[in-house]
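Hi everyone, thanks for coming. Let me put the structure up, and then we can walk through it together.

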Amino acid sequence: MDDKKALWGFNQKRLRDIFVKADKFPEAIHLCLEQHAMVHTSDMSQSNVVTLEDELWEGLHKDTFCTMPTIKDETIAWSLWHITRIEDITMNILVANETQIIYKGNWLEKLGVTVCDTGNSMTDEEIIDLSSRLNMQELRQYRIAVGRTTREIITSLQPADLKGKIKADRLQRILDEGAVLNVESANWLIDFWGRKNVAGILLMPVTRHQMVHLNAAMHLKKKCQVKM
């Protein structure tokens, strides 16, 4: 995994550099799709390359999936939920102005939960409760559905779209739909995303944010395995 992470980091810097160059648009979109593929399962992109998320799922048991090793940690379940909800929200509301994937295909029922926010403001008890309720395999399938839609949106972009500012009415939609709770521990995301353009959203959270949490989830997996 370390070699993959190092290459991913190098490519992410390259992506950040070329996103601002109009003549590099085709290369930027191609690299963005590659970076995005590596923070999802290979099933999502239908690739034969073993991804960073593939390595997380390998040998992952339900008890490890929903365990919080210490009060300083989250759970793997929460981490995957969090990054998937944020990708769904930012790409389908902020970039495409479409319906969130979680409201298509009966996902809440399949996942076994009723909450639909990012989880930023959850207490440890709420994180553990969410983690115990989440259907592990359906969460994996929800991630695949979100990831594939993201790729459709990315490939539909035009050069001028990358500099497009995030619109205020779309930020308000996030609050109206309860995708981000309007509390201090979560609503800072609205200001954060509101300062970005589309290229900025693709860099963070759609690619880099997922890498940060997948890396943390791998550490949680190892920590849980040591305790078992």
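Let's start with Gln46, which counts as exposed at 67% relative accessibility; here buried means under 20% relative accessible area, exposed over 50%, and partly exposed in between, with a 1.4 Å probe and protein chains only. Before I go on, this is a predicted model, where local features need pLDDT of at least 70, side-chain atom pairs count only at pLDDT 80 or more, and totals for chains, interfaces and linings use all residues. Residues are numbered from 1 along each chain as its sequence is written, and side-chain values use heavy atoms, leaving out hydrogens and water.

Back to Gln46: its phi is positive, about 55°, although Gln46 is not a glycine. You'll find Gln46 in the loop between helix 3 (42-45) and helix 4; helices are DSSP runs of H or I, at least four residues, numbered from the N terminus.

Asn97 also has a positive phi, near 55°, and is not a glycine. Asn97 sits in the loop between helix 6 and helix 7, and is partly exposed, at 36% relative accessible area.

Now, the inside. Which residues have the most contacts inside the largest nonpolar core? They are Phe65, Leu80, Leu111 and Leu134, in a core of 35 residues. By nonpolar core I mean buried Ala, Val, Leu, Ile, Met, Phe, Trp, Tyr and Cys residues joined through side-chain atoms within 4.5 Å. Helix 6 gives the most to this core, with six residues. Apart from this core lies another, of 34 residues, including Cys32 and Ile201.

Methods:
Helices (H or I, at least four residues) and strands (E, at least two) are DSSP runs, numbered from the N terminus.
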